[in-house]
Amino acid sequence: MSITFARTSRPDALSGSAQEALPDLLVEIDSKRFPAVGDAPAHEAVRGFRLAARRGEFVAMVGPSGCGKTTTLNIVAGLDRDFSGRVRLPTAAGRDRPILGYVFQNPRLLPWRTVHQNLELVLGPDRDPGAEARIAALLDAMDLTRVRDQYPGRLSVGMARRAALARAFVVQPDLLLMDEPFVSLDELTAQRLRLLLLDVWSARPTTVLFVTHNLREAIQLADRLVLLSAPPTRVLADLPIELPRADRGDEAVVEAYRAELLGRGGPAFQLLG
Ligand SMILES: Nc1ncnc2c1ncn2[C@@H]1O[C@H](COP(=O)(O)OP(=O)(O)OP(=O)(O)O)[C@@H](O)[C@H]1O
């Protein structure tokens, strides 16, 4: 198996036409195989996957359970380098390496640190002069100021997820990876978190790869919808969400758009239905 991991850390360092021709995020996974372990045979989780996104674009990846969404995000994050293909990450001008944010299903806050300290920690020792103000603004936006000195064990599930969102944004990521961050929440809490996410993202548009099973959620949040196949996963359809953002708070409009998508037919949409 050939394994390559190539990324251009400074797209703006590329010259002339090469720079213009390349999208800001490029993911090409020729193949990702998991080796045999014990009685479990080796299997290919991803094959021929290609995704490109421009800077600041919000892309939702929707696919059936077990199709390889998390595997793909882990490859993009650099957590899994055992694949053949390449990943090129967006990087802000002036940075010598891309900064990534990763929001998991589980908030993964450090239990022995307060909410405020959890945010501070990801900034590391060389935090920029604006960091403290950014933490305060994010805690405020997420309605967490009054619990900033609480430990995660004292937070509600919704608060913990809001803290995880704030932590992802505090590093000002070039790319934000989100793996079903609002799954298994009650719909009211999930909806509140989606609106908070959109508020923070519109204030500083970051390229987002958002994995979800929920087509309504994808329609509400994303600029583009990428539908994935059953394993080995590949892109079945890649389409813009042509619904004005101002209308997406209206459940009936989102539902009508979802029904229209499902009505288009073809294997990608049957999979969703
Ligand atoms: N470490 C591993 N070793 C072997 N197989 C794995 C490993 N991790 C994932 N897989 C397999 O790879 C396939 C894709 O898994 P992955 O977790 O990426 O899917 P997913 O689309 O994120 O699933 P879900 O929607 O249920 O969270 C599955 O068949 C899974 O069993």
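Start by selecting residues 25-34 and 43-53: these are strands β1 and β2, which run antiparallel and are joined by 9 bridges. Strands here are DSSP runs of E, at least two residues long, while helices are H or I runs of at least four residues, both numbered from the N terminus. Click on Lys 32, and you will find Val 46 as its bridge partner in β2.

A quick note before moving on: this is a predicted model, in which local features need pLDDT of at least 70 and side-chain atom pairs count only at pLDDT 80 or more, whereas totals for chains, interfaces and linings use all residues. Residues are numbered from 1 along each chain as its sequence is written.

Leu 26 has Arg 88 as its bridge partner in β4.

Next, look for the open sheet of 6 strands, ordered β5-β6-β7-β3-β8-β9 with mixed pairing. Two strands count as paired if DSSP finds at least two bridges between them. At the edges, β5 (100-103) and β9 (235-240) each pair on one side only. Neighbouring strands of this sheet are turned by 15° against each other on average, direction ignored.

Zoom in on β5 and on β6 (residues 175-179): the two run parallel, with 4 bridges between them. Here Tyr 102 stands opposite Leu 177 in β6. Then show helix α5, which packs on the sheet, touches β5 and β6, and makes about 170° with the direction of β5. Such angles run from 0 to 180 degrees between N-to-C directions, with axes fitted to C-alpha atoms, for helices over the stretch in contact.

Where does the largest share of the largest nonpolar core come from? First, select Val 59, Ala 60, Ala 166, Phe 210 and Ala 222, the residues with the most contacts inside this core of 62 residues. Such a core is a set of buried Ala, Val, Leu, Ile, Met, Phe, Trp, Tyr and Cys residues joined through C-beta atoms within 7 Å. Buried means that 20 or more other C-beta atoms lie within 10 Å of a residue's own, with C-beta atoms placed from the backbone. The largest share, 9 residues, comes from helix α5 (residues 157-170).

Finish at Ala 166: leaving aside neighbours within four places in sequence, Ala 166 is in contact with Leu 119, Leu 138, Leu 139, Met 142 and Leu 144. Contact means C-beta atoms, placed from the backbone, within 7 Å.

Definitions and conventions
Buried ≥ 20, exposed ≤ 12 C-beta atoms within 10 Å, placed from the backbone. Contact = placed C-beta atoms within 7 Å.
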